[in-house]
Amino acid sequence: EEDKFFDAAPRTAHELLAPLAAPALASLNVAADAVVTFVGVVEAFMEGERQLVVRGAAGAQAVVEDTALCLDDRRPLGCVAEVFGPVAEPFYLVRLADAADAATVAAYGPVGRRVCAPADRVAFVRPETLKSKGCDASNDFDEEVPDSEQECSDDERVVAEGPARPPAAGY
């Protein structure tokens with residue numbers, strides 16, 4: 001009975017169990033004259049897992065999930081499935097639809113190649129929309145709580161109370 005509890009990795013009630021389906025490379029063709037924006041370099045390619053990792057270029061704007069990526073010669077690589085790491089120099093995980101697409105990308109010799117995003121299919125992270133403050137609180141489902149349910153730290157309380165008052169006379 002107890003072994004059943006430990007048969008799988010822990011999950012929250014609302015956690016997505018499977019990644020969304022990756023688009024086929026054939027649906028991501030980029031015109032030879034398309035304007036592209038440099039976003040980074042292929043850091044790693046795992047053909048068997050049908051995934052590649054792109055290291056975002058330092059100083060370049062970070063792109064959001066679902067942004068289409070291609071090599072600088074316009075051959076398609078796939079769409080960003082996950083963004084991780086610091087916003088200033090993020091990493092992008094690209095999942096490929098099937099073994100045939102993985103073989104196609106493998107034939108490119110992708111590791112170390114420059115990666116771009118077609119200007120008409122790119123969206124950038126807006127840093128002003130990101131939360132800069134973290135919180136260790138969680139709700140009944142072990143998920144992040146909304147701002148209204150987060151507690152402030154003692155430092156925030158002290159700042160909110162204003163400057164310290166001098167001690168009363170006689171103390």
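Predicted model: local features only at pLDDT ≥ 70, side-chain atom pairs only at ≥ 80, totals over all residues.
View 1. Numbering starts from 1 along each chain as its sequence is written, and side-chain values use heavy atoms, with hydrogens and water left out. Strand 1 (residues 36-46) and strand 2 (residues 51-56) run antiparallel, joined by six bridges; strands count as paired if DSSP finds at least two bridges between them.

**View 2. Arg50 sits in the hairpin of strand 1 and strand 2.** Four residues lie between the two strands, and Arg50 takes a positive phi near 55°.

**View 3. Strand 2 also pairs with strand 5.** Five bridges link strand 2 to strand 5 (residues 91-95), and the two run antiparallel. Look here for Val53, which stands opposite Leu93 in strand 5.

**View 4. The whole protein chain puts these close-ups in context.** Three helices and six strands make up its elements, in the order α-β-β-β-β-β-α-β-α from the N terminus; these are DSSP runs (helices H or I, at least four residues; strands E, at least two), numbered from the N terminus. Of the 171 residues, 27% count as buried, that is, under 20% relative accessible area with a 1.4 Å probe, protein chains only. Among contacts (heavy atoms within 4.5 Å) with a separation of 6 or more, 67% come from residues 24 or more positions apart.

Notes
Buried < 20%, exposed > 50% of the residue type's maximum accessible area, 1.4 Å probe, protein only.
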